[in-house]
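The following exercises concern a structure of several chains. Please study the sequence and the model before reading each solution.

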Amino acid sequence: MMRITVTVNGQVYERDVPGHRTLLHFLRQDLGLTGSKEGCGAGECGACTVLLDGHSVNACLVLAPEVDGRCVETVEGQAKDGKLSTIQDAFNRNHAVQCGFCTSGMVMSVQDLLVRTPKPSDDDIKEAIEGNFCRCTGYLQIIEAVRDASGRTEGKGGLKHA
Amino acid sequence: MLEDATPDTLKHVGGSPDRIEAAAKLTGQALYVSDMTLPGMLYAQVTKSPHARARIRGINTSKAEALPGVRAVLTGAELEYRIGLYVVDKYLLARGEVRHFGEAVAAVAADTLEIARRAADLIEVDYEVLPPVLNHMDALKDDAPLVHPDLGKYDHVSAVFTPIPGTNIANQSKLRKGDVEKGFAEAEWLIEREYTNPSVQHVPMETHVAIAQWKMGDEVDIWTSCQSPFAVRNLFCYTFRLPLTQVRVMVPHVGGAFGGKAGIHLEPLVACLSRKAGGRPVKFQATREEEFSLLPCRSALTYRIKTGVAADGKIIAQKMTMYWDAGAYADYAVNVTRASGYSAAGPYEVPNAWVDAYTVYTNKPYGTAYRGFGHVEFFWGLERHMELVAQVIGMDPLEFRRLNTLKPGSITLTGEKITPNTGNPTKCLDVVAESIGYGALTAEETAREKATGCKIGKGIAALHKAPAMPPFTSSSIVLKMNSDGTVVVNTGLTEIGQGANTSLAQVVAERLGFDLAKIRISPDKDTDRDPYDWQTVASKGLVLAGNAAILACDDLLAKAYEVAGQVLRAQPADMDHDGEKIFVRHHRDRAVTFAALAIGYAYPDGNAIGGPLIGVGRYIAQGLANLDKETGQGNCALDWTFGAHGVIVEVDPESGEYHVLKICSAFDVGKAVHAEILRGQAVGGMVQGLGTACCEGYIYDEQGHLLNPSFTDNKIPTARDLPDVIESVAVETPQLDGPFGARGVGEHPMISVAPAIGNAILRAVGCELTHMPMRAEDVWRAMNQAAPIDNWITKTPNKSCKK
Amino acid sequence: MLHEFEFRAPRTRAELLGVLADHGGLAKLMAGGTDVIVNLRAGGIKPRVVVDVKQVEGYGALTWSDTDGLVIRPATTINDLLRMPGLRERFPLLVACAHDLASYQIRNRATVIGNIVNASPCADMAPALLCLDARAVIASQAGEHEVPMREFITGVKRTVLLPGEVLDRVVVPASSVGARGGYAKLKRISGHDLGLVAVAVHKHGGELRVAVGSAAPTPVLVSGLKETDDAATVVAAAQAAISPISDLRCTKEYREHMVGVYIRRLLREVA
């Protein structure tokens, strides 16, 4: 067991963890922050994406002891004062959510993107979420939501009627 | 129920209100079974077979039992229970013999996941490895080993399914219409080919997971990530011979399903572990790897089609033979076989038709329902075939399809007559053809070809599907009015991401004339609380539950009007209502609020009438019956949803690499109830279809080991894999018995994406693909007419799939 | 869920080398963890101690100088490399290979050195480092020694590293600045995937080099070609150097074919 001190969504936590505990397991089981999901446990699907010192990472491929003294942001830290974040709001408005299991990780990847690239191109968006699998939406409405969150409204699709 | 549609005045239906549970999912607050822990909960793990087929000579569990923290160990020896949807052929844990790679042979529940895993690894199984039968065509041979020697003894739904004891055939479905041999004799052309595809994994982002607690007095509580709580409850009770009152199934948010969670899977085993552990709750969640082989997949298919075409291009006879690879257990595969069999000709009229569809057991992970229920698979062959037939007879493929589509007056394979309200496949084809500029390249496209050295091709494919469900399928809705005049909707239809809750809320708000904000529909489902719905499958949810919702609204209003009539001293016929109150039509100030009526109307002196307002609605499919087992004739379709995809593809003729430049998808949905949710289904399904078309599939070695049970070697499309341009179009030919004219469209977008791409590749580089997925290498091989790679074990295995 | 192990995060190189010396083959070095943790989860390795190298003083440094060239140390992630100012101008091939490695999140964790030490035939960083004449500096309690990158990987998941040794840094010489290069990778989807076969082409001072991934037990370097050689000559030289197999990802024949396709494509693109 090792004692770690970690700041998660601005709150400081001190916990004893075994060396082999992953950050994802730590967040979900030890801290009860179950917003981050496990879709594969092998860094392929991105459902567990969180920010570690501001950078998106797969929480399943980080060991909990590694985050000692560092800052983690999860989807639970997005909404503030009872209001959805800009990204969450855009996802809602653009119907970028279906089953919701990829959503937390997707939102965190987009958070990382918009901090480093406030006006992303479609290619930037696709690159940023390429590591986040979504089996429901086909990604289009997610991409539209990211455009929307970055203040870009062109390219919005919509159902056509014939 | 079309008579209820008043398109000019619709306030909610047809719009795109916020998804009801979006905020919960976006904040991470939505609870999935994966996220749940209960007091005293144990964690389960299973020991799995490393062999495709082996006799179990013995299992030694002593080391596992001795491990501190282990609370229950089970093997098949003490679980003499079988489960099965239609053919009851599967033990909870293998007994005597393992029948596929990854099959569970023992299970453990322990204080922690780590202890459970260690214990499961300590269980020693002594196997005698037996030669497996892996290829479903080999399994039909006389000397093939029998996957289920006891097939003749299994309970099965005999009104619908026909297992053939002494063979590997779990079911044979037949359809006979007209005289196919006479049709062939009259035909100008006869074209016969075979098309194949491997097993595919659903890949819900949340793997299968269940928590069960077997309590005192055989009371069982189950929390499960599933599609169909009532099906789980009923099948569970059948297996354990329990009355339905003793089992409660609860389904919170579900992280994707796609058919893989339609039936019953982990729940009975987890419940048995709980019973063995003295009633402590037990949780089991499959790893991603287990999702591929412990849990079921989509069946592989070999589809042989022989078509007779008259001189004018009309199809006059077609003989269709399907060989479905069930894998080790029949599960849904027998019903996939049946439903595909009666739809096998697609949205085309075939006057003389013959279908034999077989479900074949093999020693591979078993097949189940998967979005499209067989149609993704057989439409691959059918719509490639239509293209090749058109080519052979020298007719444009679009014209050939248009000539043969089902039109009002046409008779389907099962003898059903198409009406003007059945839907319009021809229009869907026309819409997508126009969108992609079918038939010719634009100047811009020609210039692009010159600049890139790539070839551009345009292809189309049509599709159709009716819900595959028993003719007596029903659904019900209960509306409970709160004392503030808001309404709670109870339904057994689950929300699995498809938007059922939001769409049902729209229907209820529309029918009641209430604001959407007044409608509450719980994200979770509970067999004790919610009224019956058969299953959340088959694209039937909106139609059946939607109609039930309309009737429940009418019932609620009628009851409210009855009380209001006394309060206002008016007849129901003389009253009207808005979202707040019921009033006398010509004296609007004589009114009583719904809030005042909701739990009983109290006069100023306290004297009261009425009581809590509860509206009940039920709907059952009208006029359907089982098909005749010998001829397949009858009326089996709740509704037919037609559609088409048009695709522009760019192919590198040197490498076979290709990219979809544009796809347009059109579906005759009757009425688009929620435009953005519909588009989400259309695009999401299309991209899932793209995965099936381009890269997904199970790959085995010659011993039947699954070689790609993970995302490392089973890729699914990412955001980078989208076509450059995506269009979704709703055609709206109203369905007479659909809510506001609507039809289901959950599965359809995935169907026929692959053949549309295959047809476009044919146009681009002239190669004929008969196997999907179409990997770049497959295209390259087809262009060079080299032998296809065969590492799917859909044909005779060769030695190309060494690990 | 991972099996139990002890986690160590030494702060100095001496401490790191001490831990390695103490535990020998039972210690597993971890940098970004994107291969190691995957392997731990799959049970492919069962070390007693996992040693995180990222806390070691100086291991986060990524430096460039005209004399020493580019020095990449164990904690340098792929995205650290991609964010380094001026890198694209100096080493375009390095950027091309780094950019094609896995997904964005993975590139935030995966390290250049980890990618090399993992020694997969499909390691994306290998083709660039081979072409650019990179050198591997290996440290142990016995001291430091250097091997050329082309000798570092010896087989599938095998390197020259011995127990107790660490790949302390990779040095890309300043003399490789000015080279032009490109990278092409065959994948099963357009999104992140490991290379079914991958080709790097490198032109520098009249010399042409080709490196091929996933077509032999190790990434393969073909050097000594001339920029003026025609495509057929280059393809033939590459084909002679590789020994691809058929596996579940694709066949030997297609790997061979695509090596030719990509060489021709890159020769056109890399002016």
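**Exercise 1.** At what angle do helix H9 and helix H17 of chain B pack, and how far apart are their axes?

*Solution.* The model is predicted: local features need pLDDT of at least 70, side-chain atom pairs count only at pLDDT 80 or more, and totals for chains, interfaces and linings use all residues. Residues are numbered from 1 along each chain as its sequence is written, and chains are lettered from A and ligands numbered from 1 in the order in which they are written.

Step 1. Locate H9(B) at residues 375–393 and H17(B) at residues 753–765; helices are DSSP runs of H or I with at least four residues, strands are E runs of at least two, and both are numbered from the N terminus.

Step 2. The angle is about 30°, and the axes lie 8 Å apart. Axes are lines fitted to C-alpha atoms, for helices over the stretch in contact, and angles run from 0 to 180 degrees between N-to-C directions.

Step 3. Among the residues that meet are Phe379(B) and Trp380(B) from H9(B), and Ala754(B) and Pro755(B) from H17(B). Contact requires C-beta atoms, placed from the backbone, within 7 Å.

**Exercise 2.** State how many residues of chain A and chain C are in contact.

*Solution.* Step 1. Chain A contributes 24 residues and chain C 22.

Step 1. On the side of chain A that touches chain C, S4(A) gives the most, with four residues.

Notes:
Two residues are in contact if their C-beta atoms, placed from the backbone, lie within 7 Å.
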